[in-house]
Amino acid sequence: MKKIIVAGAGHGGITAALNLVRAGFDVTVYEKQNREDLGYDWVDCMRKDDFDETGFIRPDDSNFGPLADQGYFCPKKSVKIVVEKDYGGRIGYIERKFLIKYIIDNAEKEGVKFVFNTPVISALYDSKRITGIKVSENGEEKDILADMVIDAAGMNSPVRSTLPEAFGIRRKPFSDETFCTWRGSFKKTKDFTAEPKNTIYFYHCGKSGMDWAINEDEYIDILIGGFGNLTQDDINKALADFKKDYPIENEVARGGTTDCIPLGRFLAVMVCNSYAAVGNSAFMTEPLSGSGIDMSMRAGKLLADTIIEADGDYSTKNLWKYNYLAYKKLAEKQYNNLIVKSFLSVLTADDVDFFFEKKILTAKEIGGGGNTKFTPADIISKLSILSKPRLIPGLLKVGKKALMVGQVKKAIPEVYSKEAVAKWEKIHSQMR
């Protein structure tokens with residue numbers, strides 16, 4: 001029986017584990033947190049069919065809340081763009097603590113073993129392959145050997161970050177492809193209704209980033225986020241401004257934690273001999289919303305299928321099928337949103353106001369959920385009404401990225417070879 005280690009209890013790693021134990025593998029998940037501490041204390045949206053298509057039994061519909069329309073404010077709040085969200089009940093809000101408990105319980109029932117309160121310290125390897133992980137168990141370091149390691153330990157994974165450079169996996173995210181957040185929910189002090197319920201603020205209080213306020217039944221769910229950096233002063237200013245518009249208590253009722261997530265592109269190379277990254281470890285998030293549960297779980301299923309098909313040979317060549325399919329099936333949505341993020345990154349707060357007011361940024365660009373396709377005509381139409389010449393070089397660079405999306409998707413080799421992958425990485429890097 002082949003032994004598989006999953007580093008970190010991420011959604012994609014647990015999905016892979018569930019499907020692997022069903023195929024007869026010995027799978028153990030090592031997680032640094034206690035079981036009861038897992039999961040953020042808030043809700044996030046999720047596709048209900050993610051459960052059906054990744055091997056889990058779908059939870060009862062009573063566990064999902066309705067998805068609300070979204071409004072987008074420019075920095076000075078002079079224009080709000082409303083994007084209607086009608087998915088026919090296929091997508092809903094779900095409590096994150098319920099979600100992680102639910103998928104862990106399902107995986108355990110199938111035979112996945114979980115070891116909690118056991119931080120992963122580093123990767124173990126020889127000259128050819130990943131051989132396991134080093135963990136801290138009851139304060140003592142311990143080597144855990146396995147036939148294959150699945151890395152689901154997050155953006156700053158101690159496994160990926162300690163891999164030898166020669167293994168070809170990028171060890172750290174680029175600083176401009178990270179999004180630092182503070183998120184917490186505040187009880188309302190009186191009955192209050194906001195339309196739409198979800199409002200996203202670009203460059204809120206002059207900060208380069210995005211904030212939001214979600215009007216729930218009892219709470220206002222507030223997120224404050226900055227590209228690359230977020231200071232306590234940023235958080236304080238944003239909260240003070242939110243308190244002018246929303247009737248909320250001073251103290252945080254739920255959440256109130258900070259975190260950083262990747263907001264760029266999937267790793268170009270997610271596999272090497274006996275190793276594969278999934279979820280945030282492979283930078284599987286949407287560059288505008290930060291959502292990544294659906295991509296991570298679907299990637300976990302693709303990874304499990306690839307490992308099963310490899311039949312004990314976990315070479316880079318055999319694991320490459322997962323890398324290829326993840327890009328073909330999942331990455332295009334990420335790339336389309338990356339264009340909008342890149343567009344915003346070259347603007348100041350005043351520029352964003354200008355683009356909202358002149359309708360250069362519309363519901364099509366910011367509310368497409370990754371499904372918007374950008375054509376040369378779209379780019380030209382935006383450039384043709386610019387009155388800010390200093391922005392043209394940056395926006396032309398964004399236009400070039402938009403034209404690169406199709407090329408990048410086509411360029412990834414279906415069959416692994418060092419030469420083909422090196423060529424693919426060069427093309428992939430042009431999307432940065």
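Which residue in S16 stands opposite Arg-183? Leu-223 does, and point 4 sets out the sheet around this pair.

1. Basis of the model. This is a predicted model, in which local features need pLDDT of at least 70 and side-chain atom pairs count only at pLDDT 80 or more, while totals for chains, interfaces and linings use all residues. Residues are numbered from 1 along each chain as its sequence is written, and side-chain values use heavy atoms, with hydrogens and water left out.

2. Overall make-up. The protein chain has eleven helices and 19 strands; these are DSSP runs numbered from the N terminus, helices being H or I of at least four residues and strands E of at least two. Of its 432 residues, 56% count as buried, where buried means under 20% relative accessible area, exposed over 50% and partly exposed in between (1.4 Å probe, protein chains only). Among contacts (heavy atoms within 4.5 Å) with a separation of 6 or more, 71% come from residues 24 or more positions apart.

3. The disulfide. One disulfide is found in the whole structure, the term being used for cysteine sulfur atoms within 2.5 Å. Cys-180 and Cys-260 form it, with their sulfur atoms 2.5 Å apart. The link is right-handed, with 95° about the S-S bond. Cys-180 is buried at 11% relative accessible area, whereas Cys-260 is partly exposed at 29%. Two further cysteines can be listed here: Cys-205 is partly exposed at 39%, and Cys-272 is buried at 3%.

4. The seven-stranded sheet. This open sheet runs in the order S6-S5-S14-S15-S16-S13-S17, with mixed pairing; two strands pair if DSSP finds at least two bridges between them. Strand S6 (80–83) and S17 are the edge strands, each pairing on one side only. From one strand to the next, the twist averages 15°; axes are lines fitted to C-alpha atoms, for helices over the stretch in contact, and angles run from 0 to 180 degrees between N-to-C directions. S13 and strand S16 (residues 219–227) run antiparallel and are joined by nine bridges. Helix H4 (residues 232–245) lies across S13, S14, S15, S16 and S17, at about 145° to S16.

5. His-204. This residue is in the loop between strand S14 (198–202) and strand S15 (209–215). His-204 is buried, with 2% relative accessible area. Its side chain makes a polar contact with the side chain of Asp-211 at 2.7 Å. Such a contact is a pair of N or O atoms within 3.5 Å; within protein, one must be able to donate a hydrogen and the other to accept it, and residues adjacent in sequence count only if both atoms are side-chain atoms. Leaving out residues up to four places away in sequence, His-204 touches Asp-211, Ala-238, Asp-241 and Phe-242.

6. The three-stranded sheet. A further open sheet has the order S3-S7-S4, with antiparallel pairing. Strand S3 (43–47) and strand S4 (64–66) each have a single partner strand, so one side of each is left without a neighbour in the sheet. The twist here averages 45° from one strand to the next. Three bridges join S4 to strand S7 (residues 91–95), and Gly-65 has Tyr-93 in S7 as its bridge partner. Helix H3 (residues 96–110) packs on this sheet, touching S3 and S7, with its direction at about 85° to that of S7.
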